[in-house]
Amino acid sequence: MRQIRTFSEERNNGWCVYCGGQYETDDHSPSRVLLDKPYPENLPVVPCCRACNDSFSLDEEYLACLIECARTGSAGQGESMRSRIADKLIRTPSLEARLASARIETDDAVYWNVEVKRVRNVIVKLAKAHAAYENSEPMLDPPTRLWINPLCTMTREQREHFEAPINTGVWPEAGSRVLHQIVVAAEGDYDWIEVQPERYRYLVAVGDSVVVRIVISEYLAAEACWD
Ligand SMILES: [Zn+2]
């Protein structure tokens, strides 16, 4: 994964990137539950308060398990399931039961009754962390637009648009990582950053809006915008 040291880290280290509260601990974003071992070196870390740090972990666990269940079509410990998620379901029968009851099978497809609030909570958290990390500019308000869907539900045109680098024609804040990215790329495009192959990638683009795109396990896609 590309890791470029920012010059403006100290400036924004004084507060939680999620709520603007006091900086009390460091938060890995993406959370390790969304990744496999061995973890990549230099995982992005953002400052946050303890209350925010504690408030996300159960929802992140739920989302990680939901994605594996939806990806493999099973609510149990499916064969092609990531091993740490299969282990998690064995150790957490209540979560396994909850996911099993959310599974709806019809003659031609399997659907999942998604706990939308929990999924949104995690995606907004991740998007805020990536925006703060890449652009050194915390986005404390909720995004003005948020879109979350499996990649497989996109049309070809939607997918091409989603996957393409973004060129906003606007230079980001001096000292931020995206500015370094642009200098390195020398193209003016905001491209995808791969945290772990097949597991997690994201893109942050800064222009009139701040756009964050996320793909988890090459299954779930999301886009958050602050206009
Ligand atoms: Zn906070």
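**Overall.** I started with the secondary structure and got six helices and nine strands for the protein. I keep in mind that this is a predicted model. Of the 227 residues in the protein, 50% are buried. I also looked at contacts between residues at least 6 apart in sequence: 64% of them join residues at least 24 apart.

**Zinc site.** Next I went to the metal. Which atoms coordinate the zinc ion? I find the SG atoms of Cys16, Cys19, Cys49 and Cys52, at 2.3 Å. Along the chain these donors follow the spacing C-x2-C-x29-C-x2-C. Cys16 sits in the segment before β1 (25-28) while Cys52 belongs to helix α1 (residues 50-72), so this pair ties together parts that are 36 residues apart in sequence. I checked burial for these two, and both Cys16 and Cys52 are buried. For the geometry, I get angles of 103 to 116° subtended by the four donor atoms around the zinc ion, so I call the arrangement tetrahedral; the cut-off is that all angles lie between 85 and 135 degrees.

**Tyr18.** I then moved to Tyr18, which is in the segment before β1. Is Tyr18 buried or exposed? Its relative accessibility is 4%, so I count Tyr18 as buried, the limit being under 20%. Leaving out residues up to four places away in sequence, I list its contacts as Asp27, Ser29, Val46, Cys48, Cys52, Phe56, Lys125, Lys128, Ala129 and Leu140. One of these is the zinc ligand Cys52. Val46 is 28 residues away from Tyr18 along the chain, and I get 9.4 Å between their C-alpha atoms.

**α1 against α4.** For helix packing I note the angle between the axes and the distance between the axes. α1 and helix α4 (residues 116-135) pack at about 110°, and their axes are 9 Å apart. That makes α1 roughly perpendicular to α4. From α1, I see Ser55, Phe56, Leu58, Asp59, Glu60, Tyr62, Leu63 and Leu66 in the contact, and from α4, Arg118, Val119, Asn121, Val122, Ile123 and Lys125. Sorting the residues of this α1 with α4 contact, I have eight nonpolar, two polar and four charged.

**α2 against α3.** How do the axes of helix α2 (residues 83-91) and helix α3 (residues 93-102) cross? They come within 5 Å and cross at roughly 105°. That makes α2 roughly perpendicular to α3. On the α2 side I see Leu89, Ile90 and Arg91, which meet Pro93, Leu95, Glu96 and Leu99 in α3. The tally for the contact of α2 with α3 is five nonpolar, no polar and two charged.

I looked for cis peptide bonds and noted one joining Ser29 and Pro30, with omega about 5°. Another joins Lys37 and Pro38, with omega about -5°. Pro30 lies in the loop between β1 and β2 (45-48), and I place Pro38 in the loop between β1 and β2 as well.

Then I turned to phi. Ser217 is not a glycine, yet its phi is positive, about 55°. Glu218, also not a glycine, has a positive phi of about 50°. Ser217 is in the loop between β8 (210-216) and β9 (220-226), and Glu218 is in the loop between β8 and β9 too. At 5% relative accessibility I log Ser217 as buried, whereas Glu218 is partly exposed, with a relative accessible area of 32%.

Definitions and conventions. Residues numbered from 1 in each chain as written. Predicted model: local features only at pLDDT ≥ 70, side-chain atom pairs only at ≥ 80, totals over all residues. Heavy atoms only, no water. Donors = N, O, S within 2.8 Å, 3.2 Å for Na, K, Ca; no water. Tetrahedral: all angles 85-135°; square planar, octahedral: opposite > 155°, others 65-115°. Helix = DSSP H or I, 4+ residues; strand = E, 2+ residues; numbered from the N terminus. Buried < 20%, exposed > 50% of the residue type's maximum accessible area, 1.4 Å probe, protein only. Axes fitted to C-alpha atoms, helices over the stretch in contact; angles between N-to-C directions. Parallel < 35°, antiparallel > 145°, perpendicular 65-115°, else oblique. Contact = heavy atoms within 4.5 Å. Nonpolar A, V, L, I, M, F, W, Y, C, P; charged D, E, K, R; others polar.
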